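Hi,

Here is the structure I said I would pass on. Have a look first, and my notes follow below.

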Amino acid sequence: MINAIKVAGVVGAGGAGFPSHVKYDTDAEYVIVNGAECEPLLQVDQQLMVHEASKMVEALWHIVETTGSQKGIIALKNKYHDAIEVLSEEIKRYPQLSLLILENVYPAGDEHYIVYEATGRVVPEGGIPIQVGAVVTNVETLINVYNALKGEPVIYKYVSIVGAVRQPSTYIVPVGTSLKHLMDLSGGSLIETYKVIDGGPMMGKVLSSNENYNDVFVKKTSKGFIILPEDHDLILSKEKRVERILKEAQTACCHCDLCTDLCPRYLEGHRIHPSKLMRIASYNSLGDVNASIEEAYLCCECGLCEQACVMNLQPWKVNIYLKSLMREKGIQNTLKNAELEVHPFRAERQFSAGRLIYRLDLSDYYGTAPLNREIVEVDEVVISNCQHIGASGKLVVEEGAYVQQGTLIFKIPEEQLGANIHSSISGKVTILNPNEIKICR
């Protein structure tokens, strides 16, 4: 199974895209499926859990067997009624598998959060789930594992396009499809001037402004694109520069500690205090960077501290800035405590998703994005050589070559962490630059 996954180029279908053949090549007590999809508006995983439940469950069983796990746990929110009903039937064939029903809170999709809810174990400071015997995987990744076991590489991606578009939808598209094509499929924007968030509203990135977004392409890790007015508060917040953020910290932070009180890592016992780091920033004490700000490394950048703040400040961005300063100074994270005590009010301080949608002013865009189950056909794709954590792939096709769909085009460098990348359509190869190729039918 591990080799099939490696050959197929399976990586985490969301987040940073960790190569799955490395993640699953381990011994674990638990395999946990992250089906929480806690970012508002994104809907890929919750739909896959309904429409592709049998494939997902079979792939999970294979991973449980391969890792020698005691249990496979599918964690999903209590509001996903259809998925709960379908999966409850599917897992009856597999005694090792069970469902874990989560509250509709943010950030329920955080790995540390899910591990604690599923096992009662706390991932160490700066650590990863396998340190407490758990492997966490993504719903769509399981679909790709199922396909890999059938000899099919990762060439398609499930992507939601939502927000200010005429037909919010979820599509199955070849990897390398342009955002412009997705916009056309959804009927185009409802507004003339807009910007696009790649990913969820909390942790997604605002793309650089481009009239047609012709230079933005779907990757293996793409989950969704959110179209919003360019003057929407969420866009303005995400684009706020660090100089202004630090100035606002100096002039507006009232040191109320609410950012710390709701910090998911703090509530799990990690030694991070966003309010303390904001004090350092507000008193302009960043000139002498030292280990006193080391706890910024423990920030998961979920952005919840900003929603907790009565002044709309951004401690998470301050933490990102502090991390960069420490890296420049060569200061490493030494906070690795594994003997952690969960905060007694952790359950009471969970942030409801409904409240989050209100705070983000996304109520007008909150609705369904139904899955179109027909694979979208495109005439050209642009594919990059690195869509994952690790080394970039080595180009193994030549300029002008005609490749069939599924042909290996970027290969993992020998003995390095990475993932194979395949042609998502059949066509002629054009090398655009050292890192990208275009394939045209």
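Where does glutamate 415 lie? Glutamate 415 sits in the loop between strand E16 (408–411) and strand E17 (421–422). Helices (H or I, at least four residues) and strands (E, at least two) are DSSP runs, numbered from the N terminus.

Before going on, some ground rules. This is a predicted model, where local features need pLDDT of at least 70 and side-chain atom pairs count only at pLDDT 80 or more, while totals for chains, interfaces and linings use all residues. Residues are numbered from 1 along each chain as its sequence is written, and side-chain values use heavy atoms, with hydrogens and water left out.

Aspartate 361 is another non-glycine residue with a positive phi, of about 60 degrees. You'll find aspartate 361 in the loop between helix H16 (353–359) and E12, and it counts as partly exposed because its relative accessibility is 45%.

There is a cis peptide bond too, joining tyrosine 106 and proline 107, with omega at about 5 degrees. Proline 107 lies in the loop between strand E4 (105–106) and helix H6 (111–119). Why point these out? Most residues other than glycine have a negative phi, and most peptide bonds are trans.

Surface patches

Aspartate 361 turns up again in a patch of negative charge on the surface, together with Glu230, Asp231, Asp233 and Asp364. Patches are made of residues with over 30% relative accessible area and no salt bridge: like charges are joined within 9 Å, and nonpolar side chains (Val, Leu, Ile, Met, Phe, Trp, Tyr) within 5 Å. Areas come from the Shrake-Rupley method with a 1.4 Å probe, and for residues only the protein chains shown count as cover. As for charge, Lys and Arg count as positive and Asp and Glu as negative, with His and the chain ends not counted; its place is taken as NZ of Lys, CZ of Arg, CG of Asp or CD of Glu.

Is aspartate 231 buried or exposed? It is exposed, because its relative accessible area is 55%. Aspartate 231 lies in the loop between strand E10 (224–229) and helix H9 (233–238), and histidine 232 is in that E10–H9 loop as well. Histidine 232, however, counts as buried, because its relative accessibility is 8%. Leaving aside neighbours within four places in sequence, histidine 232 is in contact (heavy atoms within 4.5 Å) with Leu360, Asp361, Leu362 and Tyr365.

A nonpolar patch is formed on the surface by Phe18, Val22, Ile389 and Leu417, with about 260 Å² of accessible area together. Of these, isoleucine 389 is in the loop between strand E13 (380–384) and strand E14 (394–395).

Salt bridges

A salt bridge here is a side-chain nitrogen of Lys or Arg within 4 Å of a carboxyl oxygen of Asp or Glu. By this rule there are 21 salt bridges.

One of them pairs glutamate 52 with arginine 373, the closest N and O atoms being 3.7 Å apart. This pair links distant parts of the chain, 321 residues apart: glutamate 52 is in the loop between H3 and helix H4 (53–67), and arginine 373 is in strand E12. Glutamate 52 counts as buried, at 13% relative accessibility, whereas arginine 373 is partly exposed at 49%.

Lysine 180 and aspartate 184 also meet in a salt bridge (3.0 Å, N to O). Both lie in helix H8 (residues 179–185), four residues apart, about one turn of the helix. An α-helix has 3.6 residues a turn, so residues three or four places apart point the same way.

Asp45, Glu140, Lys157 and Lys223 are linked in a network of salt bridges. Asp45 is among the buried residues of H3. Six of the eight residues of helix H3 (residues 44–51) are buried, so the helix is largely enclosed by the rest of the structure.

Cheers

Technical notes. Buried < 20%, exposed > 50% of the residue type's maximum accessible area, 1.4 Å probe, protein only.
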